[in-house]
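Please walk me through this model. Start with its strands, then take the packed helices, the ligand and the backbone.

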Amino acid sequence: MSLYLESSRIIARANFGGLRAAVYSDRSIKSKPEQLYALCVETLKHQEILNEVIEKSQILKVEKKLTHPLALVLLHDFLISKNGIATSNGPLKSSILRNRARLSAEFTRARLKRGYATKAALLRGSRSKTPRFPRWVRINNLRANYDLLMNKGVFSEFTPVDNLEDLYPNGGDLPNKVYVDPYVSDLLAFAPAAPLMKHPLKKTGAIVFQDRASCVPAQLLDPPRDAYVVDATAAPGNKTTHLASLLGPDSRGKIFAFERDYRRAFTLKETVEAAGAQDLVEIRPAQDFLRSAPWNPDEENGLNKVTHILLDPSCTGSGIVERDEYKFVPPGEPRERGSKGLDGSFYKGLNTLPSAVEYDDSRVWRQRGTVEDRTFSLADFQVRMIEHAMRFPSATRITYSTCSIHAQENERVVMAALNTSVARRRGWVTEPRHLNKMRDWFRRGILEECEGNEQVADSCIRFNPWVDGGIGFFVAVFIRNEQERARLPNAPAIKWGLAEKARQKRAAIVGGSGEEVEEEEWKGISDSDLPAEPCPRKPSMAPIRYYTSAPPADTGVVEAPSPVSQLSRKILTAGGIEPDTGSKFSYDPNFSKGPKIIRGGPKPKKLTGREKQRLKQQAREKELALIRPIKMRQRTVRLGTAEEDEEEDIYGSWAEVFKDDLEYVSKKAKSIKKRNASVGNLDRLKDATMPLEDFDKRDFSRLRLGHGGD
Ligand SMILES: C[S@@+](CC[C@H](N)C(=O)[O-])C[C@H]1O[C@@H](n2cnc3c(N)ncnc32)[C@H](O)[C@@H]1O
């Protein structure tokens, strides 16, 4: 019986983080997760007809113990599943069987109304009307460019469509159609099942799969070509590489990518390398952004020059949904403007409330208290991250984003950040809609949650899951440029007059301007020194750096070894430069070959014993590098210096992480000891600290022993 109770609980939660996450993250579940997931998916797939049966039969009024999600799963098995309700007699089964005649009659009526003569025809039909969203593809300007791919390359033979729905009309995928997003530059959409996963463009990093909403923060941060940028919470690196792509191959700028979790920093490194962004990105592994100090003299050429900061901190992830999942639509829920019903009809009503549905749902969700505490502590952490970013001496622009639909992590965090003393002192406001690159995007912040401040609500951007073409998301931009602020139509959220008065009062007491402390940190940079407009970005004329074999010296142009299509036979250069047929090298505009696929080339070199030994050594070092931060953390905890409150985030409390780590370490220790590691050993590492600059070099000779300072 727990299968039905548990699946009804999962279904009620499906809209907050997705079905899969709900099933696999709930440790209290007793049923088999695969069985539970399958039942939930199948039930939601047929919820439209089941809802009609529930409504017409009035079963919820007759059987008071049934909730709506519970009735859905039971009716799915009773009316649709081959095996019927999977339980022996029990109160839940009886509540359905008592009403079997009425339920079956309503089901048959609903089926015939939809034109399905048999149950099998209904099942086939409903399969093609599943809610879906497209495969979003971002072009990586470090490896390719829009012109090359859309006009001269692989996608030039695709037919452009004006609406996302045209990529998959009536559920059928059209793999040769492409949608060019009008909101985010260099972003394309394809049918959900378009065969791009193993495409050479993907393998070479010329295209990146990234949801549209998740591309908005970097797009809105809009760093000029030579900007110094911080990605404060970078792993796995989607937004870092997007920023690098926006800076472009000719940039003299820099991206400082902070990642607190050492292990996730490895993923970040891989993503950055795959995108060819290693020259632009400086990874700061195992570094907490909250402890960064841009006013430190050591940052002479670093953080103190940063003008743009991207904040995408840990959140509840309640907006995450997956392409093959289904939304739970409770009966009576108002449909959103522009949404497509499960029956295929298009709703053009006037429900323009920004996120009415999710807002209500999240209230109910909060009342249940399941995530309440975690959401609050996350919100606190998120405000602190914004506050810290606002202190950066040269910062003029910050984007804050979450993949959460809860106002607590979104509008409320923005309001709290605007009301911090640093925001007031330094003049941070949210960027008004009319200045914003996404000004035409219709779904804005929730007015109620912005304490009725229309300007702030209008400056926030929301994406609802499914209906807005992907995951649920939130973005706000903070600016502190005097010229931009002067253009604001109305007074911003914070009461500037009061802040100014307080400042004057303080100045009168201490003597001076009252801003000495902050000004000292800013090193005298004032808003008027900042450029009014970002430097215009020139289209990149650089050829693609795509190597089919070892990169030749300084050309960036490589010979395609064996062309596979008509297009790849043409020798093209990027940005419309004339073909250079006389060149020693040419490159493959279709990316039809990945670097590892070399046909007819020389046989791979046989490794010598020494080389093999070196590879083995590198693998061992990688393993050791993985466990080092765990050891360091263990030491910190032992010394009693861990600040547990600060460290808590979505990955659970310190204590939980620590327990997992211990298990992990002891496992690793056994396997490494077995192999008799020649570089260091666990006893040596026990109290060692490793300077973090060595992340890249993995230079073990610089290990310091003992309780040396951090
Ligand atoms: C939501 S994920 C970021 C996703 C990333 N922006 C992307 O698009 O690929 C949040 C990341 O921030 C890291 N993180 C959390 N708190 C941090 C802190 N104080 N400093 C640096 N990184 C932090 C987490 O370890 C996690 O990897």
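**Sheet, helices and ligand shell**

E3 and E4 form a hairpin, with six residues between the two strands. Asp 186, in the turn, has a positive phi of about 60°. Helices (H or I, at least four residues) and strands (E, at least two) are DSSP runs, numbered from the N terminus. This is a predicted model: local features need pLDDT of at least 70, side-chain atom pairs count only at pLDDT 80 or more, and totals for chains, interfaces and linings use all residues. Residues are numbered from 1 along each chain as its sequence is written.

Two strands pair if DSSP finds at least two bridges between them. Within this pair, Val 180 stands opposite Leu 188 in E4. E3 also pairs with E2, here in the parallel sense and over three bridges. Pro 160 stands opposite Val 178 in E3.

Now the whole sheet. It is open, has five strands and runs in the order E2-E3-E4-E1-E5, with mixed pairing. The edge strands are E2 (159-161) and E5 (207-209), and each pairs on one side only. From one strand to the next, the twist averages 35°. At the E5 end, strand E1 (residues 135-139) pairs with E5 in the antiparallel sense over three bridges. Arg 138 stands opposite Val 208 in E5.

Next come the helices. Two packed helices are described by the angle between their axes and the distance between the axes. Axes are lines fitted to C-alpha atoms, for helices over the stretch in contact, and angles run from 0 to 180 degrees between N-to-C directions.

Take H1 (residues 2-13) and H6 (residues 68-80). They pack at an angle of about 120°, with their axes 8 Å apart. That makes H1 oblique to H6. Angles under 35 degrees count as roughly parallel, over 145 as roughly antiparallel, 65 to 115 as roughly perpendicular and the rest as oblique. H1 passes H6 in a right-handed crossing. A crossing is right-handed if the near helix is turned clockwise from the far one by less than a right angle, and left-handed if anticlockwise. H1 contributes Tyr 4, Ser 7, Ser 8, Ile 11 and Ala 12 to the contact, and H6 contributes Pro 69, Leu 70, Leu 72, Val 73 and Leu 74. Two residues are in contact if their C-beta atoms, placed from the backbone, lie within 7 Å. By class, the contact of H1 with H6 has eight nonpolar, two polar and no charged residues. Ala, Val, Leu, Ile, Met, Phe, Trp, Tyr, Cys and Pro count as nonpolar, Asp, Glu, Lys and Arg as charged, and the others, Gly among them, as polar.

How do H4 and H8 pack? The angle between H4 (residues 47-57) and H8 (residues 100-113) is about 130°, and their axes lie 9 Å apart. H4 is therefore oblique to H8. Their crossing is right-handed. Residues in the contact include Ile 49, Glu 52 and Val 53 of H4, and Leu 103, Glu 106 and Phe 107 of H8. The contact of H4 with H8 has five nonpolar, one polar and five charged residues.

H12 (residues 212-221) and H13 pack at an angle of about 40°, with axes 9 Å apart. The two are therefore oblique to each other. The crossing of H12 and H13 is right-handed. Among the contact residues are Cys 215 and Leu 221 of H12, and Asn 238 and His 242 of H13. The contact of H12 with H13 divides into six nonpolar, three polar and one charged residue.

Asn 238 leads on to the ligand. Of the 20 residues around the ligand, Thr 233, Asn 238, Arg 260, Phe 289 and Asp 312 come nearest. A residue is near a molecule or strand if its C-beta atom, placed from the backbone, lies within 6 Å of it. Helix H13 (238-247) and strand E7 (254-259) each supply at least two residues of this shell. The shell has seven nonpolar, five polar and eight charged residues.

Last, the backbone. Most residues other than glycine have a negative phi, and most peptide bonds are trans. A cis peptide bond joins Ala 235 and Pro 236, with omega of about 5°. Pro 236 is found in the loop between strand E6 (228-231) and H13. Ala 286 is not a glycine, yet has a positive phi of about 55°. Ala 286 lies in the loop between strand E8 (281-285) and strand E9 (308-311).
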